Amino acid sequence: MGFLDKYRPVLAIDAGTQSLRVSKDGEMIFNEATAIAIHPEKHKVDHIGNTAIKSTGLRLYRPFDYVIQDFQAFELLLKGVTNKIRQRGLLLPTYKMFFSIPMTASSVDMRAFRDAGEHSNAIEVYMCRSAFLAALNMGLLNSKKNFFLIEFSTSKLEFTVFNNGSPKTFDGLKLGTKTVETWIQNYLKRQYGISGTEAELRQLINSYAEKTNTLHIQSREVAMAEIHEIIDRYLWIAEDCIKSVIENLDHHQYARAASNGLYFTGGGSLYQNLCQSLSERVGLHSQFSEQPLLDPIFGLELVAQNTESFKDMLMV
């Protein structure tokens with residue numbers, strides 16, 4: 001290890017479809033929209049994050065959907081963040097970067113994360129699976145060791161089986177809360193001629209499993225039975241994904257994990273009625289993270305501060 005390595009800034013990066021969270025040496029320094037706005041004539045980045053979403057007359061790019069979809073745009077976004085935190089001085093700082101990545105990320109996806117880091121002045125790039133990071137922050141690795149975990153977010157639902165504190169088996173869907181919201185939105189347009197706001201879509205989903213016949217949306221009485229059918233379609237797909245993993249576990253593996261239950265994290269876990277219904281379908285009792293949006297970044301901070309302790313979970 002060189003003399004400067006000890007003082008090199010450490011960045012922990014949790015990129016999601018909606019939000020990009022970055023911490024520097026354990027302190028959150030960026031928690032904004034995963035977006036950049038580029039001037040159509042100058043071809044330069046004018047805004048990143050929340051200001052990009054609010055900008056007008058610019059080309060808006062959302063480079064992340066489950067994994068990096070637009071490498072060039074993501075690289076520009078990451079450079080924009082590092083430029084924001086760059087200290088004044090003659091030398092451009094170099095970093096150690098740690099990325100949270102999906103459980104089902106491919107080798108191609110991992111190469112994209114690594115390249116994005118290296119192109120943003122990282123000397124060292126490490127990656128760690130998000131389910132492990134979430135479980136670490138939730139305190140499950142030592143207190144429970146054997147359990148099931150679902151990461152439910154805008155663009156994904158990933159189911160992981162933990163055995164003796166390590167993720168052993170997993171599967172996932174590239175279908176998250178955005179899928180359910182889109183299906184409901186399309187139905188409202190076709191059946192009622194209305195376009196629901198984000199708040200109205202959340203209201204409809206949160207009303208799932210409640211004994212409500214109709215909901216008043218924009219002067220229309222929307223039949224909840226029809227909304228339930230749409231949500232049931234998603235739950236059936238998720239149920240099938242989870243059961244396909246469970247069915248491949250031996251009796252002892254399943255019994256140990258099932259005794260501690262199914263834990264939910266991610267923004268989708270805020271739809272607790274939805275999650276509880278899914279738990280019931282697969283025969284498990286559900287529990288919820290207290291920090292569902294921040295579990296991966298806080299877990300990644302712990303890993304970045306104790307790389308030797310977690311070296312078996314890091315990929316380069």
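Mentor: In helix α11, the buried residues are Asp-295, Pro-296, Ile-297, Gly-299, Leu-300, Glu-301, Val-303 and Ala-304; buried means under 20% relative accessible area, exposed over 50% and partly exposed in between, with a 1.4 Å probe and protein chains only. The model is predicted, so local features need pLDDT of at least 70 and side-chain atom pairs pLDDT 80 or more, whereas totals for chains, interfaces and linings use all residues. Residues are numbered from 1 along each chain as its sequence is written, and side-chain values use heavy atoms, without hydrogens or water. Helix α11 spans residues 295-305, and because 8 of its 11 residues are buried, the helix is largely enclosed by the rest of the structure. Helices (H or I, at least four residues) and strands (E, at least two) are DSSP runs numbered from the N terminus.

Burial also describes two of the cysteines. Cys-128 counts as buried because its relative accessibility is 1%, and Cys-275 is likewise buried at 1%. The sulfur closest to that of Cys-275 belongs to Cys-241, 14 Å away, which is too far for a bond. The count of disulfides, taken as pairs of cysteine sulfur atoms within 2.5 Å, comes to 0.

The axes of α8 (residues 224-246) and α10 (residues 272-281) come within 10 Å and cross at roughly 50°. The two helices are therefore oblique (under 35 degrees is roughly parallel, over 145 roughly antiparallel, 65 to 115 roughly perpendicular, and the rest oblique). In the contact (heavy atoms within 4.5 Å), α8 contributes Ile-231, Asp-232, Leu-235, Trp-236, Ala-238, Glu-239, Ile-242 and Lys-243, while α10 contributes Leu-274, Ser-277, Leu-278 and Arg-281. By class, this contact of α8 with α10 holds 7 nonpolar residues, 4 charged ones and 1 polar one.

Gln-218 is partly exposed because its relative accessible area is 33%. Ser-219 lies in the loop between β14 and β15 as well, and its relative accessibility of 58% makes it exposed. Most residues other than glycine have a negative phi. Gln-218, although not a glycine, has a positive phi of about 50°, and Ser-219, also not a glycine, has a positive phi of about 70°.

How values were computed. Axes fitted to C-alpha atoms, helices over the stretch in contact; angles between N-to-C directions. Nonpolar A, V, L, I, M, F, W, Y, C, P; charged D, E, K, R; others polar.
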